[in-house]
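Walk through this structure with me, one region at a time.

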Amino acid sequence: MNTDCIFCKIVAKEIPTKLEYEDDFCVSFHDIRPRAKVHLLVIPKKHIATLNDMEDGDEKIAGRMMLIAKKVAQKNNMQSYRLALSVGKEAGQEVFHLHMHVMSPT
């Protein structure tokens with residue numbers, strides 16, 4: 001856990017959020033600045049700053065994130081949805097804890 005990371009604080013339940021899903025590896029919750037009617041985030045519980053910081057063995061986390069994205073999309077009645085993952089400040093990453101956006105088309 002990174003004590004300065006807002007997403008680590010959400011994982012530790014220090015900051016309340018509207019959770020959609022949680023298991024031993026990841027959590028999903030509603031984005032506080034939605035860019036679509038439904039806009040969820042999927043994050044690993046392990047602090048990984050960016051995709052570039054993933055290590056051997058972390059592929060299980062990445063696969064889990066994809067499955068959770070599918071589950072929360074289905075839970076929110078999204079037949080179609082967009083997944084987005086930014087890597088680095090120049091690409092638009094604002095929170096440096098790996099996260100995937102799950103957004104409805106509208």
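The largest pocket in this predicted model has a volume of about 460 Å³. Its lining is made of 24 residues. Closest to the centre are Phe7, Asp31, Arg33, Leu41 and Val95. Several elements give two or more residues to this lining: helix 1 (6–11), strand 2 (26–30), strand 3 (39–44), strand 4 (82–84) and strand 5 (100–103). Which element gives the most? Helix 1 does, with 3 residues. By residue class, the lining divides into 11 nonpolar, 8 polar and 5 charged.

Turn next to the nonpolar cores. The largest one has 16 residues. Within it, the residues with the most contacts are Leu40, Val42, Met65, Ile68, Val72, Met78 and Val102. Strand 3, helix 2 (59–75) and strand 5 each give two or more residues to this core. Helix 2 supplies the largest share, 6 residues.

Set aside residues up to four places away in sequence, and Met78 touches Val38, Leu40, Val72, Ala73, Val102, Met103 and Ser104.

Now the cysteines. How many disulfides does the structure hold? The count is 0. Cys5 is in no disulfide, and its nearest cysteine sulfur, that of Cys8, is 3.8 Å away. The cut-off for calling one is 2.5 Å between the sulfurs. The sulfur of Cys8 is 3.8 Å from that of Cys5, so the two are too far apart for a bond. Both residues are away from the surface by the accessibility criterion. Cys5 is buried, because its relative accessible area is 6%, under the 20% limit. Cys8 is at 2% and therefore buried too.

Lys13 is not a glycine, yet its phi is positive, at about 65°. Lys13 sits in the loop between helix 1 and strand 1 (19–22). Is Lys13 buried or exposed? It is exposed, with a relative accessible area of 51%. Asn77 is the other case. Its phi is near 60°, again positive in a residue other than glycine. Asn77 lies in the loop between helix 2 and strand 4. Its relative accessibility is 67%, so Asn77 counts as exposed.

Next, follow the chain to the segment after strand 5, where Thr106 lies. Thr106 is exposed, at 67% relative accessibility. Where does its partner in space come from? Thr106 and Ala36 are 70 residues apart in sequence, but their C-alpha atoms are 5.5 Å apart. Leaving aside neighbours within four places in sequence, Thr106 is in contact with Ala36, Lys37 and Val38. Val38 is also touched by Met78.

Phe25 brings another pair together. This residue lies in the loop between strand 1 and strand 2. Lys45 is 20 residues from Phe25 along the chain, and their C-alpha atoms are separated by 5.5 Å. Beyond its neighbours within four places in sequence, Phe25 is in contact with Ile43, Pro44, Lys45, Lys46 and Arg64.

Finish with Met54, in the loop between strand 3 and helix 2. Sequence neighbours within four places aside, the contacts of Met54 are Ile48, Glu59, Ala62 and Leu98. Leu19 is 35 residues from Met54 in sequence, and the C-alpha atoms of the two are 24 Å apart.

Definitions and conventions
Residues are numbered from 1 along each chain as its sequence is written. This is a predicted model: local features need pLDDT of at least 70, side-chain atom pairs count only at pLDDT 80 or more; totals for chains, interfaces and linings use all residues. Side-chain values use heavy atoms; hydrogens and water are left out. On a 1 Å grid over the protein atoms alone, a cavity is a set of points where a 1.4 Å probe fits but cannot get out, and a pocket is an open set with protein on both sides within 12 Å along at least five of seven lines; lining residues have an atom within 4 Å of a point. Grid points are joined across faces, edges and corners, and a volume is the space filled by probe spheres set on the points. Helices (H or I, at least four residues) and strands (E, at least two) are DSSP runs, numbered from the N terminus. Ala, Val, Leu, Ile, Met, Phe, Trp, Tyr, Cys and Pro count as nonpolar, Asp, Glu, Lys and Arg as charged, and the others, Gly among them, as polar. Buried means under 20% relative accessible area, exposed over 50%, partly exposed in between (1.4 Å probe, protein chains only). A nonpolar core is a set of buried Ala, Val, Leu, Ile, Met, Phe, Trp, Tyr and Cys residues joined through side-chain atoms within 4.5 Å. Contact means heavy atoms within 4.5 Å.
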